[in-house]
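Okay, thanks everyone, let's get going.

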Amino acid sequence: MKRRHVNRSVVIGTIGADAHMIGGWVLEKAFKEARFTVAFLGAVVPQQEFINAAIEIDADAILVSSMYGMGLLDCEGLRDKCTEAGLDDIILYVGGTVAAPLELEKNWPEVERRFKEIGFDRVFPNTCTAAEAVQALKTDLGID
Amino acid sequence: MSIYLLVDFGSTYTKILAVDVSNEVILGRAQAPTTIDTDVTIGLNRALSELVDTCGLDLRQVEGKYASSSAAGGLKMAAIGLVPELTLEAARRACLGAGAKVVCSYGFEIDSDIVREIEAARCDIILLCGGTDGGDKRVITHNARMLAHSEIACPILVAGNRVVSDAVRDTLERHGKKVYRTSNVLPSLDMVEVEPAQALIREIFIAHITHAKGLDKAADFIGGPIIPTPKATLQAATLLAQGTVEEPGIGSLLVVEVGGATTNIHSVADQSPVTPQTVIRGLPESPVKRTVEGDLGIRYNAPTIYDFIGRDAFLARLRDLYPALDDPSGDDQRFDPDEHIEYLSKNVGHVPTTELGLNADIVLAESAASIAVERHAGTVRQEFSVVGEILVQHGKNLLEVENLIGTGGIFRYGLRPERILSSALFNPEKPWSLKPRNPKTLIDRMYMLYGIGLLAEHFPAPALRIAKKYLTETDLGS
């Protein structure tokens, strides 16, 4: 895949019927401090809104937060929709309590594998810090 | 006495209000059919002489004149954006809030078919947007190229991604287009900034459109700029709600304006979440909002309203208002709703004189108002999550709006105008639609709101006091 020009811009939001907002806020702040343009969509965000925002701001990545254990269900199909919308080189991350807490603890490799299978570039457990997420994206974009 | 004339060159009638600004009274009003096809001053002079005859006005005492116009199709605009729900929606709001009619709107890359549609639509202004500041550049650049190579001769207003605005303007200017440029209508996804674009639309309207619409003579008579009528009404709504430094406003409000071709809804109210925990989705709403339903009007578009409600429901509502419809000894036995609706759409100047005709108008107007307010108001839906129920709101919550105002010919001439306002209220059968629950209801019996908006620019406090004095409070229960 041809690597896009880097626009230092990301879309952040909590997907599905999940009303948690704090994780997204923390990420928004961290990415702004790292001089990224951030479109923060808040909570209960449908997949289509992530895509619309990414098109409009010419985003490098969509950072999906999911805190209520149903992340896999909510995230399925997002990669395909991005491809359909012309966002064929966008980076997708997901993080938080992305599966049931017990699963996260016992079966992390399996959880990670399943998200990667549906098209996510990186999956972060709820122990990850915002700084780590920023660093990961910088690495993937090839900037410092 | 300081007398001012407030003129509206409407699509059907030219209306004049005479007000005494120092004593804060309306001296009289008059109207005559608009004569835009020949010479707009003919209709104007007829209305003026009626005004002189009916209220004994001495025109030499007039100190000033202000005017609005929706004649010759009003201000017709095309809106172009990127994502339909984002920059295109912001572009549409910019047009509507400037008093324009959005005759066509397109998201994503436009192609040659769309360019031909825009050419055929004979717009007065094209608003070209797309991309947040620093966001997508490709689509607006492509769309500018398409417009540059078109036959389009009207002014193009560029209000998209700041990063490429200059390049976009150059592309268009190189091909001889008249271009205006202002800041982005959606600089970032959490900020809709339509005011600079609206200010420029107004300037373009005054500089080009007045002439193009054959309103030069009218502008000469007025001795100043003419603004789009819906803009005047929106200014009146804003003044009424927010007040001035010396005179308090009446608080949040919703204005329902039912016309022959369109139904306009204006609201001045914050987006306010239904509950503090409610999640708000979609583009942020500005306090002042106008929507116009081009398919809802009680003359030109009577057939559309009739199709929406259906023959049976139309007859049922009419019977409810006018039980004599079924009177075997009455003359109305032969009434055929299909024929009546057809007649109205072909005789757009028709003013009903019979009980039946008046009531049929009410049925049409209440249906139009109900649908238009439903489209204007926000919605709320329930989502169930592991942490319990969440409310998700789109658009404006108008449940607690303090005032509901009816304006337009039907509120002046029609029977039972309060019926029309009732249909704009919250309906327990559709609890997701956030329409006003318990507002104070006011009727513009003088059909003066446009005039208040015209006066608002020059004499805000007197204009506000006049509006308060002449709006009639009504009880929907009766």
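So, let's start where the two chains meet. Here 17 residues of chain A are in contact with 21 residues of chain B. Keep in mind as we go that this is a predicted model.

Which parts of chain A give two or more residues to the side that touches chain B? Those are strand 2, at 37-40, and helix 2, at 47-57, of chain A. Helix 2 of chain A supplies the largest share of that side, five residues. And if you sort the residues on the chain A side by class, you get nine nonpolar, five polar and three charged.

Okay, staying in chain A, have a look at two helices. Helix 1 covers residues 22-33 and helix 7 covers residues 130-141, and their axes come within 9 Å, crossing at roughly 50°. As for the handedness, helix 1 of chain A passes helix 7 of chain A in a right-handed crossing.

Who makes that contact? From helix 1 of chain A you have A:Val26, A:Leu27, A:Ala30 and A:Phe31, and from helix 7 of chain A there are A:Ala130, A:Ala131, A:Ala133 and A:Val134. By class, that contact between helix 1 and helix 7 of chain A comes out as eight nonpolar, no polar and no charged residues.

Now over to chain B, and some strands. Strand 1 of chain B, residues 3-9, pairs with strand 4 of chain B, residues 62-69, in the parallel sense, over seven bridges. Strand 4 of chain B also pairs with strand 10 of chain B, residues 226-228, again in the parallel sense, over three bridges.

In strand 4 of chain B, B:Ala67 stands opposite B:Val7, and in strand 10 of chain B its bridge partner is B:Ile226.

Last stop, the domains of chain B. Chain B is divided into domain 1 (3-66 + 213-224), domain 2 (76-208) and domain 3 (232-474). How far apart are the centres of domain 2 and domain 3 of chain B? Taken over C-alpha atoms, 30 Å separate them.

Where domain 2 and domain 3 of chain B touch, nine residues come from domain 2 and nine from domain 3. On the domain 2 side, helix 2 of chain B, residues 87-97, gives the most, with four residues. That domain 2 side has four nonpolar, two polar and three charged residues.

How values were computed:
Residues are numbered from 1 along each chain as its sequence is written. Chains are lettered from A and ligands numbered from 1 in the order in which they are written. This is a predicted model: local features need pLDDT of at least 70, side-chain atom pairs count only at pLDDT 80 or more; totals for chains, interfaces and linings use all residues. Two residues are in contact if their C-beta atoms, placed from the backbone, lie within 7 Å. Ala, Val, Leu, Ile, Met, Phe, Trp, Tyr, Cys and Pro count as nonpolar, Asp, Glu, Lys and Arg as charged, and the others, Gly among them, as polar. Two strands pair if DSSP finds at least two bridges between them. Axes are lines fitted to C-alpha atoms, for helices over the stretch in contact, and angles run from 0 to 180 degrees between N-to-C directions. A crossing is left-handed if the near helix is turned anticlockwise from the far one by less than a right angle, and right-handed if clockwise. Domain bounds come from an automatic or database domain assignment.
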